[in-house]
Amino acid sequence: MSMKTSTRQVDGVTIVDCSGRITLGEGSVILRDTVRDLLGKGNKKILLNLGDVNYIDSSGIGELVSAYTTVKNQGGELKLLNLTKKVHDLLQITKLYTVFDVKDDEAAAVKSFSK
Amino acid sequence: MTAQRVSYTLDSTLDTVNSAEEAASQMATEAGFGDEEVMKIAMAVREAAVNAVLHGNAYDPGKKVTVDFERTAQDLVITIRDQGKGMDLAKVPDPLAPENLLKTSGRGIFLIRSFMDEVEINPSTTGTEIKLIKHVRTAADAKEASQ
């Protein structure tokens, strides 16, 4: 299953609902384009909902890191929501779990962004 | 059980990465590994195939990637070869080092080593060969390990 994203706004935060696989090629490109497009429109509070992402490879991990640093460098915040066990485990073994701000409750995650 | 061997010669494309991953998943399932181990084996093969296609052969249409699967009573052995210039293992950074944590690449070999029982990487000027080994654990092994 290829990667799909859809975006919605909640209290000034852009939630990106992702599904499918974030892997080398199409999946990584879609994520990159989505984040770039949001930043271009001035949306700098981004919550990536990965609840339906069932697979991610090292390229996908790299794309998450790239999205995180790109948003941060533009003065924004990017957080992760609803990690599946597979993605959680991958972020743990790559020591990125403590780099990302990871949330498991959408309402609390939205409130956690700076006003 | 006699050894079973399957070999594929593939183009240097992203389709090859997906094909290698799917074949690994099927082989690992047939070898009796559980879902989590199958996922790890398939992902290790995917990462090795990405390295072969992207870094080894650099998408060169004139170069091939070969993927061999060998299944014995003890092991599932997967060997992936490219026809690139050979990788310099000394230049592979530690992705867990604080200065590398926010790098956007360089985690493939680390994930492969994390997911397989044994990994041998043999670079040469005519290409890189990477051998991935996962030990087949019998039900008796699993019971012993849990005690």
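This is a predicted model: local features need pLDDT of at least 70, side-chain atom pairs count only at pLDDT 80 or more; totals for chains, interfaces and linings use all residues.
**Entry 1: chain B overall.** I started with the fold of chain B and counted four helices and five strands. Following the sequence, I wrote the order down as β-α-α-β-β-α-β-β-α. Next I looked up the dimensions: the C-alpha trace of chain B spans about 45 × 40 × 25 Å along its principal axes.

**Entry 2: inside chain B.** I checked burial and found that 34% of the 147 residues in chain B are buried. I also looked at contacts between residues at least 6 apart in the sequence of chain B, and 67% of them join residues at least 24 apart.

**Entry 3: where the chains meet.** I turned to the contact, to which chain B brings 17 residues and chain A brings 16 residues. On the chain B side, helix 1 (14-30), helix 2 (35-56) and helix 3 (108-115) each supply at least two residues. Helix 2 of chain B gives the most, with five residues. Sorting that side of chain B by class, I noted ten nonpolar, four polar and three charged residues.

**Entry 4: one residue in chain A.** I picked A:V16, which sits in strand 2 (residues 13-22) of chain A. Why is A:V16 counted as buried? A:V16 has 21 C-beta neighbours inside 10 Å, and the cut-off for buried is 20 or more. Leaving out residues up to four places away in sequence, I listed what A:V16 touches: A:T5, A:T7, A:T34, A:I46, A:L47, A:L48 and A:N49. I also noted that 11 Å separates the C-alpha atoms of A:V16 and A:G51, which are 35 residues apart along the chain.

Notes:
Residues are numbered from 1 along each chain as its sequence is written. Chains are lettered from A and ligands numbered from 1 in the order in which they are written. Two residues are in contact if their C-beta atoms, placed from the backbone, lie within 7 Å. Ala, Val, Leu, Ile, Met, Phe, Trp, Tyr, Cys and Pro count as nonpolar, Asp, Glu, Lys and Arg as charged, and the others, Gly among them, as polar. A residue is buried if 20 or more other C-beta atoms lie within 10 Å of its own, exposed if 12 or fewer, and partly exposed in between; C-beta atoms are placed from the backbone.
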